[in-house]
Amino acid sequence: MSDKDTRNLLSSFDGHLNRRSLLQGLVAMGAGGTALMQFGEALAQATAEEVAQLTILSQPGIVPEILKDVTVPQFAKSYPKTSVVFEAASNAVAYPKMLAQRGNPVISGAMVNDLFAQRGLNDKMWDKFNPDFVPNAKNLPAGLTTPGGFGIPFHLSPWGIMYNPDKVEEPKSWTDLWDPKYKGRVSMWDAYYDAYIMAAVVTGKGPDVEAGIKAWEPHKANIGAWVNSPTAEEDLVSRGEVWLAPHWGSWTAMAKSQGKNVAFTIPKEGGVQWTGHMQVCTGFSPRVSELTQRYLNTWLSDECQLAWIERGFYSPASTKVQIPEAMKSNPAIMTAEDAVKKLVQPDFAKLAAAMPKLKGLIDRTLKS
């Protein structure tokens, strides 16, 4: 075994300090080659009680706070020797790093959106869940699934239109974004395609992103800002620099609760179903994988599902948890059953494969 191989073996135990120390001791005594590799493989199969730490990818913002407050104490009751730490980052930032580290992975469980759920499946980044380790998944409604069959949904948000109520009346249709009086007053994304999906729907093309991009071309003068941050977009609308923005209901409601001057609506043609999915990552021992799944099961607990609603303004995935009466009038929150029935569900397998092509089409068609 080369020095590089030894370093790689040791680095794979960074999250398991006791086992790493044992390996370092063997290396110091001159162990190497097949003996060291076999011992490392034996340690990787160690009992669940010996897993010191799980590293979980989380969305940024309020989400890590909810997880630390609600789910970590639940998990600790059954597995007090295993700590849970979070890497908070957007999928766009975190996923390339995870892909680069796939030979020596760190993150064993991940929170991903629909696109990256499918992209990770294409890249063979996800393992399948064992239903015995995630019993709360039985409370999901029929029709609420993760693209490709890997992963489990845990919360949702409708994608509709965020607007500044002091500048515009509540939009009634997605075509309102094309009104000439809003020249330079609409912000758009080139990394998310929901606005183009709805543009295609209202022009009779179905949820076809390419058709939606082309439908926007005659109205591209209305695009006053291109954004890549939900918070930045909320600030633009709140300040009145732009007046309307295709956006997530939950993020809009959170911004409003923080005092920003924004409102949210789902136009008459409907909105897009945006779903958060939990994933168990490949490359870990069976024991680490099992504990990761048992931890992720807490995201579907009644306590966490209620926290998603009350603290994050997300829609619950579980059918067991009721939306509080005071929040039922909020258009950003709906039951999972209603989301499945009423919201558009794109073909994410097709979208994930076409991301570079779609980005190029947006650049040529709408930014030139």
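Which residues in H8 meet which residues in H15? In this predicted model, the H8 side of the meeting consists of Val209, Glu210, Ile213 and Trp216. Facing them from H15 are Lys357, Leu358, Leu361, Ile362, Thr365 and Leu366.

Two packed helices are described by the angle between their axes and the distance between the axes. For H8 (residues 209–216) and H15 (residues 355–367), that angle is about 10 degrees, and the axes sit 10 Å apart. Angles under 35 degrees count as roughly parallel, so H8 and H15 are roughly parallel to each other.

Helix H4 spans residues 63–78 and helix H11 spans residues 286–296; their axes come within 9 Å and cross at roughly 125 degrees. With that angle, H4 and H11 are oblique to each other. As for handedness, H4 passes H11 in a right-handed crossing. On the H4 side, the contact is made by Leu67, Thr71, Val72 and Phe75, while H11 brings in Leu291, Arg294 and Tyr295. The tally for the contact of H4 with H11 is five nonpolar residues, one polar and one charged.

Next comes helix H7, which runs over residues 194–202 and is mostly covered, with seven of its nine residues buried. Which residues of H7 are buried? Reading along the helix, they are Asp194, Ala195, Tyr196, Ile197, Met198, Ala199 and Ala200. After H7 comes Gly204, and its phi is positive, near 80 degrees.

Finally, there is Ser238, a residue of helix H9 (residues 230–239). Is Ser238 buried or partly exposed? Its relative accessible area is 21%, and buried means under 20%, so Ser238 counts as partly exposed. Leaving aside residues up to four places away in sequence, Ser238 touches Asn164, Lys260, Asn261 and Val262. With Asn261 there is also a polar pairing to look at: a polar atom of the Ser238 side chain lies 2.9 Å from the backbone nitrogen of Asn261. As for Gly259, 21 residues from Ser238 along the chain, the C-alpha atoms of these two residues are separated by 9.2 Å.

Definitions and conventions: Residues are numbered from 1 along each chain as its sequence is written. This is a predicted model: local features need pLDDT of at least 70, side-chain atom pairs count only at pLDDT 80 or more; totals for chains, interfaces and linings use all residues. Side-chain values use heavy atoms; hydrogens and water are left out. Buried means under 20% relative accessible area, exposed over 50%, partly exposed in between (1.4 Å probe, protein chains only). Helices (H or I, at least four residues) and strands (E, at least two) are DSSP runs, numbered from the N terminus. Axes are lines fitted to C-alpha atoms, for helices over the stretch in contact, and angles run from 0 to 180 degrees between N-to-C directions. Angles under 35 degrees count as roughly parallel, over 145 as roughly antiparallel, 65 to 115 as roughly perpendicular and the rest as oblique. A crossing is left-handed if the near helix is turned anticlockwise from the far one by less than a right angle, and right-handed if clockwise. Contact means heavy atoms within 4.5 Å. Ala, Val, Leu, Ile, Met, Phe, Trp, Tyr, Cys and Pro count as nonpolar, Asp, Glu, Lys and Arg as charged, and the others, Gly among them, as polar. A polar contact is a pair of N or O atoms within 3.5 Å; within protein, one must be able to donate a hydrogen and the other to accept it, and residues adjacent in sequence count only if both atoms are side-chain atoms.
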